Each structure stands twice: as C-alpha cells, then as structure tokens.
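Have a look at the model first, then read the points with it open beside you.

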Amino acid sequence: MQILTGFGASSQGKNRLSFSFQSQPSITSTYFSPIQSRLQRSSFGIAFDIDGVVLRGRHPIGGSSKALKRLYVDSTSCGTLKVPFLFLTNGGGTPESRRAIELSELLGVNVLPSQVVQGHSSFKSLLNSFENELIIATGKGEPALVMSEYGFKKVFSIDEYASFFENIDPVSQYKNWTSKQAFDLTSDSEKIMRRQSVLSKRVKAAFVVSDPVDWGRDIQVLCDVLRSGGLPGQENGNQVPLYFAADDFEYQAAFPFKRLGIGAFKIALESIFNRIHHRPLEFVSYGKPNPLVFKNVEAVLRQILSSHCDDHFVNKGDIEFNGFKTLYMIGDNPVVDIKGAREAGRPWFSVLTRTGVFRGEGNHIEFPADLVVNTVEEAVDYILESEHIS
Ligand SMILES: [Mg+2]
C-alpha cells in the first residue's frame, strides 16, 4: 500500500519519534502561517481499538489517558472535542452506554455512548429480520440485555434458554460456579409462561455476542439448536442463522500472553457441528476486519463531528461535503485492526502499536500498517502533528 500525499509526517516529527513506516511517506516542509493554518483546518477522525491499545485488562497503557485528553478542547476532558474520535472494539458483552461509563472512569475522559462501537453493535442492522422472533444470545456479560437494548423483543440468554431443557447439559452438576440471571427476578407464573413459550417455539437465530464463558455447554446447546432447525431434541433440520460479533482468534487481555477469543470458539463449534450435521456450519462474522464495520464507523464519526466537535479545529463543512480526508485506525492486532483498515481503503490510515498482540521490531509482514509506533501516545502525537493541531 502506498502512502498517499497528505499522509506525510513533518520531518521534525519523524526525527523526534521512532516511527516505522511501511514505505517512505511524502514529506512536506511547508510553513503554515496562523491564517493559513485556520484555512487548512483538519478533516480527519480517529478510531481507537481498546484491548492492547488503551487498556490491558482494566489498566490504562501506553500513555492512553494523557493522549486522549489532548483530543478535547477543555483541559477537564469532559466537553467539546477537538477531533472526532471513537473506540472501535471487537470486545463487548455490555451495552454501549455502560461501556462508555466504564471507559470514562478508567481513562479519565468523558466518553459518550455514541463513541463506543463494539463487535455486536452491527447486530442492530438485523433488527428488521428478527425484532419479534425468538432468538438466543451467548457470551460474557449480559448478552440478552445488549440485544434487547438494540430492540430485539424476544431474546433469551443461552443461560436462561438452556435452563428450560432438563439435562441438556449432562455435566452441569459439576460446575460449581453460579451465575446471576435476570430471569431470577421474574415470578413463578411468568417463568412457566416463558418456559412454555420456549419449549413450543423454534429459535430463529443465534448470536454470539461476546466471548463465551462455558464453551462446553454453549457448543452443546448451539449444536442442538442449529442442527434441529431451532428446537433442541427435534430431528435434523435446516440450520438456524448464526451470527458472531467478531472473529478474533486471540486478543490481549490482562494475562501476559494472548488469550483465545471468539474466533477460537467459532473454530471449536464449527469443527464439532460439521461432525454431527450433514451440511457444514454457515455463519456471518461481524466486527473488525469486516470492511462494512469501517464504513459504519465513518458514518458514526460524522455524527460525532456535527454534534460534539469545535469548528475551530476541524473543518466540518469540508467533511460534510467531501468526507473525511483521513481516518486513523489505531490498533494492536494486525490480523484484525490493520487488515480491516487496509481492506476498507481510503480514507483509512492504519497505525499499529506494540502494546498488545503485535510486539515485533519492524512492521507486520502479512498485514503491514501504514505506521508502526510503540504506544498509543506516540500515535496521537504523530497524528496531531501531521494534522497541525497542538
Ligand atoms: Mg486489540
């Protein structure tokens, strides 16, 4: 991939920071007077990955808090933005509103719900197909709550769904963990009604919203649902549609070494399903690196721009008319973040950090980024310098 004119760093910035480029960018040394600078207001936005870029577990990394504060007009980092930015993560399991509160607390900046795009955010686009249909959702956190907040009216978590089928998990008595389930709050008569409704109706779609907790039980129940055409215990039928919020094989969490993600779960499910069903498993994966996700993010950044950005720093008129000149994707995973930005094409510019999945000295060989830096703070320094924002 060639770096296009307009993506160049100033020679000063390039010397100060140890950036690695896939190829040498065009370097301009034009001096901008204050008046010219106003006329050349930037038309760019930034998407930050979360795990391995701004956080490891619940701890900020790579100078993320300081870097993010530079994107706000106010030093308290709670008001208007200088630059439209959002978090683009394949993680999830909690509604965007709740994730925004959590990120605000951990990073010390005011993150809005509209600034959080998770793997499962794309499931909203399936509302027309399944709004009033029986669906099941699995994954850590509160997958059913996530889906019901998107507007799906008949969603069950796989925990609750499985509880209606006696002995569906033959080893459940050996699992000594307990899980708090929302349906525990419902009355007995309501529970009976819900159970009857589940036992007599077919599931129309299954969603893997976030990293599954109980892989064994989930694989068993999903195989039951998928191969029976939506009702466990029935003969083989047409496979029920299956959707994954993401496809990450591995990701960087709090443990020093990479952890298995949704993509690994998908391989396990697929492998087993294909042994017991006459047709191979069919599924759709959302999240990065799906280029559609990047298209959607562009639209979200436009909304953030018009509602929360200061005209002084960003050229709203130009963006509304011509679109963003540059959109920066800052990520730690070449296979997910960098591959996705590369496949999305212009105006995306990929920045790879060394704080998560990728730890190499140079660039990634298979999916090289436009720029490689050590930390997210270096990435933001580079971007603001390139875009003439102090
Ligand atoms: Mg990551």
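This is a predicted model: local features need pLDDT of at least 70, side-chain atom pairs count only at pLDDT 80 or more; totals for chains, interfaces and linings use all residues.

1. The protein chain has 390 residues, and 45% of them count as buried.

2. A word on how the chain folds back on itself. Take the contacts in the protein chain with a separation of 6 or more: 66% of them are between residues 24 or more positions apart.

3. Now find strand β5, residues 85-88. Phe-85 and Phe-87 point one way from this strand, while Leu-86 and Leu-88 point the other way. Are these four buried or exposed? All of them are buried.

4. Strand β5 has a partner in β2 (residues 44-48), and the two pair in the parallel sense over 3 bridges. To locate this pairing on screen, look for Ile-46, whose bridge partner in β5 is Phe-85.

5. Strand β5 also pairs with β6 (residues 116-117); these two run parallel as well, joined by 2 bridges. Here Phe-87 stands opposite Val-116 in β6. To get from β5 to β6, the chain passes through helix α4 (residues 96-107), and this β-α-β crossover is right-handed.

6. Next, move along to helices α11 (residues 291-308) and α13 (residues 334-344). Their axes come within 8 Å and cross at roughly 75°. Because angles of 65 to 115 degrees count as roughly perpendicular, α11 is roughly perpendicular to α13.

7. Which residues meet where these helices touch? From α11 there are Pro-291, Val-293, Phe-294 and Lys-295, and from α13 there are Gly-340, Ala-341, Glu-343 and Ala-344. Sorted by class, this contact has 5 nonpolar, 1 polar and 2 charged residues.

8. Last stop: Phe-367, which is in the loop between β15 (348-353) and β16 (371-373).

9. Arg-342 is 25 residues from Phe-367 in sequence, yet their C-alpha atoms are 8.1 Å apart in space.

Definitions and conventions:
Residues are numbered from 1 along each chain as its sequence is written. A residue is buried if 20 or more other C-beta atoms lie within 10 Å of its own, exposed if 12 or fewer, and partly exposed in between; C-beta atoms are placed from the backbone. Two strands pair if DSSP finds at least two bridges between them. A crossover is right-handed if, with the strands pointing away from the viewer, the path from the first strand over the helix to the second runs clockwise. Two residues are in contact if their C-beta atoms, placed from the backbone, lie within 7 Å. Axes are lines fitted to C-alpha atoms, for helices over the stretch in contact, and angles run from 0 to 180 degrees between N-to-C directions. Angles under 35 degrees count as roughly parallel, over 145 as roughly antiparallel, 65 to 115 as roughly perpendicular and the rest as oblique. Ala, Val, Leu, Ile, Met, Phe, Trp, Tyr, Cys and Pro count as nonpolar, Asp, Glu, Lys and Arg as charged, and the others, Gly among them, as polar.
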